[in-house]
Amino acid sequence: MAEDILQQLGLLGVFIAGAIPWLEAVGVIPIAILFGLNPFWTITLAFSGNAITTFAFAYSSKAVMQRVAKRGKSEGKNMSRARRAFDRYGIWGMAVVGPLLIGSQIAAALSVALGVSAFKSAMAINAGMVVAGTIIGVLTALAIS
């Protein structure tokens with residue numbers, strides 16, 4: 001009974017931690033599995049929490065970028081660098097490296113800022129997260145079994 005409650009609280013923590021930008025589901029998954037949480041539910045809940053905030057960042061970034069454009073602010077050095085990388089690798093390149101290097105929420109917002117629709121951006125970034133997180137989760141589960 002007490003073990004079930006601890007498992008449920010741990011999985012709730014995985015959901016919340018997966019939703020926090022920069023903490024990322026790909027970082028939470030192996031830690032939670034190493035602590036003994038169920039790999040299937042860990043991966044599922046980490047993705048769910050992450051997906052919610054990824055969609056929120058993608059859809060809210062459109063409004064932010066429109067306000068910046070209305071003010072007439074020019075593109076900064078970092079945004080110029082991001083645009084060059086995005087032009088070279090596209091949304092699927094962002095989906096692969098985003099969750100691992102800059103965070104899925106930031107990758108989604110940046111993709112929208114660079115012209116991808118909010119829905120396509122969030123879906124692509126989440127697809128990259130599913131692939132990376134599943135691989136990390138399965139490898140972790142196999143390593144400890």
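A124 is in contact with I91, W92 and A95 once its neighbours within four places in sequence are left aside, where contact means heavy atoms within 4.5 Å. The model is a predicted one, in which local features need pLDDT of at least 70, side-chain atom pairs count only at pLDDT 80 or more, and totals for chains, interfaces and linings use all residues. Residues are numbered from 1 along each chain as its sequence is written, and side-chain values use heavy atoms, with hydrogens and water left out.

- A124 belongs to helix α6; helices here are DSSP runs of H or I with at least four residues, strands are runs of E with at least two, and both are numbered from the N terminus.
- The relative accessibility of A124 is 1%, so the residue counts as buried, a class that means under 20% relative accessible area, with exposed set at over 50% and partly exposed in between (1.4 Å probe, protein chains only).
- Although A124 and A95 are 29 residues apart along the chain, their C-alpha atoms are separated by 5.6 Å.

**The pairing of α5 and α6**

- The axes of α5 and helix α6 (residues 118-144) come within 9 Å and cross at roughly 150°; such axes are lines fitted to C-alpha atoms, for helices over the stretch in contact, and the angles run from 0 to 180 degrees between N-to-C directions.
- On the α5 side the meeting residues are S104, A107, A108, S111 and V112, and on the α6 side they are A118, S121, I125 and M129.
- S111 lies in helix α5 (residues 104-113) and counts as buried because its relative accessibility is 0%.
- Not counting residues up to four places away in sequence, S111 touches F86, I91, M94, V116, S121 and I125.

- Q7 lies in helix α1 and, with a relative accessibility of 26%, counts as partly exposed.
- Beyond its neighbours within four places in sequence, Q7 is in contact with G36, L37 and N38, and its C-alpha atom is separated by 10.0 Å from that of F35, 28 residues apart along the chain.
- I5 is found in helix α1 (residues 2-19), where its relative accessible area of 43% makes it partly exposed.
- A nonpolar surface patch of about 830 Å² is made by M1, I5, L6, L9, L12, I16, I20 and L23; patches are made of residues with over 30% relative accessible area and no salt bridge, like charges being joined within 9 Å and nonpolar side chains (Val, Leu, Ile, Met, Phe, Trp, Tyr) within 5 Å, and a salt bridge is a side-chain nitrogen of Lys or Arg within 4 Å of a carboxyl oxygen of Asp or Glu.
- E24 has a positive phi of about 65° although it is not a glycine, and with a relative accessible area of 4% E24 is buried.
- Most residues other than glycine have a negative phi.

**The chain as a whole**

- The protein chain has six helices and zero strands, and buried residues make up 40% of its 145 residues.
- Of the contacts with a separation of 6 or more, 76% are between residues 24 or more positions apart.
- The accessible surface comes to about 8500 Å², of which 69% belongs to carbon and sulfur atoms, with areas taken from the Shrake-Rupley method with a 1.4 Å probe and, for residues, only the protein chains shown counting as cover.
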